[in-house]
Amino acid sequence: MIRSYKFRLYPAKQQVKVLNDTIETCRHLYNDSLGERNADWDVGYWEQQNLLPLRKQENKYYKQVHSQVLQDVLQRLDKSYQAFFRKIARYPKFKRREKYNSFTYPQYGGFKFKDGKLLLSHVGSIKIRMHRISVGTLKRCTVIREIDQWFCCITTDDGIENNATGRADTNKPVGIDVGLLNWLTLSDGRVITNRLDFEDHAKKIKRLQRNLARKKKRSNNREKARIQLAKTWRKVRHRRDDFVHKVSKILADEYTFIVFEKLIIKNMVRNHHLAKAIMEATWGKLRLYTAYKVERRGGQTIAANPNGTSQKCSRCGMVAKDRLDLSVRTFECHGCNLVIDRDANAARNILKMGLEQAHAEKQPILVRQRISKFASRKQEAHVLGCG
Ligand SMILES: [Zn+2]
């Protein structure tokens, strides 16, 4: 199974310059190659790779970067074209300096571990803090710039095809209702409260954004404002990821079959309230992280249609005529006299639908793979910092 580990790097001053230069060279290559493919649609990855030696002769900067790193830039571009052709992404864009923040050694050898440091070809040996041990053979190494901090993402393969058994294990099923009060309510009655509050951050981000807009283009002050804003976003991201990792671990450790509601993207896009928008993105992340963690342990996650889950009785199935007002926190059934917490009722309905869905699907394996693919793609985008 392919896994990624992210570690913090502590490059020396001179090394920071080399890393920045490498990113800049890669960005130029990316944009130049995009321009070429723009102009001539017959040009593909192989044509551009064959052109690399010539580029190196003409431009001394290309010589200062490991050749596989340059090849990986072309791979990245090719991937974005493929995504565009498969209609899952927009047409690739030229990258501004702020938007291009990483480069990749696609093979072991270009990067190595030596004397407790990370040895990068054409860069040198960089201090690294390994807060945990990676398992498996080393595959790739992506160096990432996050404003003033540096990280590396090491991809490993432990050689095991898949830990999963390949079938839906419904031994420990759970349905999850995502509440408006920013809670998770589980079908077994458990509630996971959310201590995240992004109101203050949202205010700060808005203020910094206005501040940035007032600054003159290409001025030093503008750059300072941009960095300040980016740092605030980073804080939000770190807090969110920390929370999401903790909660998804709890879920994945305890349940083997997890049903979420399907996300309704339309509503998400319309939300102009920044703090709420961040929260909604957090729920999205939670689903993805839970999916890959559960699958790693051999379980399955499913997305069920959320329509009507709050009006239907989870015991007898009778549907209440009126939509429950949001202030009413308990659900009372007129058919079987069930009295239950409103969110718990919804969570039970979600679980029911997920189980029915899993039984209806003749090949649960396919469902699992689909989610797994999605999760890993998003996951990769996340670790590469381009998500
Ligand atoms: Zn009932």
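Visitor: Which residues of α1 meet which residues of α4?

Guide: In this predicted model, the α1 side of the contact consists of C26, L29, Y30, S33, L34 and R37, and these meet V69, L70, V73, L74, R76, L77 and Y81 in α4.

Visitor: At what angle do the axes of α1 and α4 cross?

Guide: The axes of these two helices, α1 and α4, come within 9 Å and cross at roughly 45 degrees, which makes α1 oblique to α4. The crossing of α1 and α4 is right-handed.

Visitor: Why are α2 and α4 described as roughly antiparallel to each other?

Guide: An angle over 145 degrees counts as roughly antiparallel. The axes of α2 (residues 45-58) and α4 (residues 67-85) cross at roughly 155 degrees, coming within 10 Å, and therefore the two helices are roughly antiparallel to each other. The crossing of α2 and α4 is right-handed, and the residues that meet there are Y45, Q48, Q49 and L52 from α2 with S67, L70, Q71, L74, Q75 and D78 from α4.

Visitor: What is the order of the strands in the sheet, and is the pairing parallel or antiparallel?

Guide: The sheet is open and has 7 strands, which follow the order β2-β6-β7-β1-β5-β4-β3 with antiparallel pairing. At its edges stand β2 (102-105) and β3 (111-114), each of which pairs on one side only. On average, and with direction ignored, neighbouring strands of this sheet are turned by 35 degrees against each other.

Visitor: How many bridges pair β1 with β7?

Guide: Strand β1 (residues 2-10) pairs with strand β7 (residues 149-157) over 8 bridges, in the antiparallel sense. To place this pairing at a residue, one may look at L9, which stands opposite W150 in β7.

Visitor: Which strands does helix α1 lie across?

Guide: Helix α1 (residues 13-39) lies across β2, β5 (124-129), β6 (137-146) and β7, and α1 runs at about 90 degrees to β2.

Visitor: How does the reach of α6 compare with the span expected at 1.5 Å a residue?

Guide: Helix α6, with 35 residues (220-254), reaches 51 Å from its first C-alpha to its last, which is close to the 51 Å expected.

Visitor: Which residues of α6 are buried, and what covers these buried residues?

Guide: The buried residues of α6 are V236, V244, S248, L251 and A252. The elements that cover the buried residues of α6 include helix α5 (199-214), strand β11 (257-261) and helix α8 (274-296).

Note on methods:
Residues are numbered from 1 along each chain as its sequence is written. This is a predicted model: local features need pLDDT of at least 70, side-chain atom pairs count only at pLDDT 80 or more; totals for chains, interfaces and linings use all residues. Helices (H or I, at least four residues) and strands (E, at least two) are DSSP runs, numbered from the N terminus. The expected span of a helix is 1.5 Å times one less than its number of residues. A residue is buried if 20 or more other C-beta atoms lie within 10 Å of its own, exposed if 12 or fewer, and partly exposed in between; C-beta atoms are placed from the backbone. Two residues are in contact if their C-beta atoms, placed from the backbone, lie within 7 Å. Two strands pair if DSSP finds at least two bridges between them. Axes are lines fitted to C-alpha atoms, for helices over the stretch in contact, and angles run from 0 to 180 degrees between N-to-C directions. Angles under 35 degrees count as roughly parallel, over 145 as roughly antiparallel, 65 to 115 as roughly perpendicular and the rest as oblique. A crossing is left-handed if the near helix is turned anticlockwise from the far one by less than a right angle, and right-handed if clockwise.
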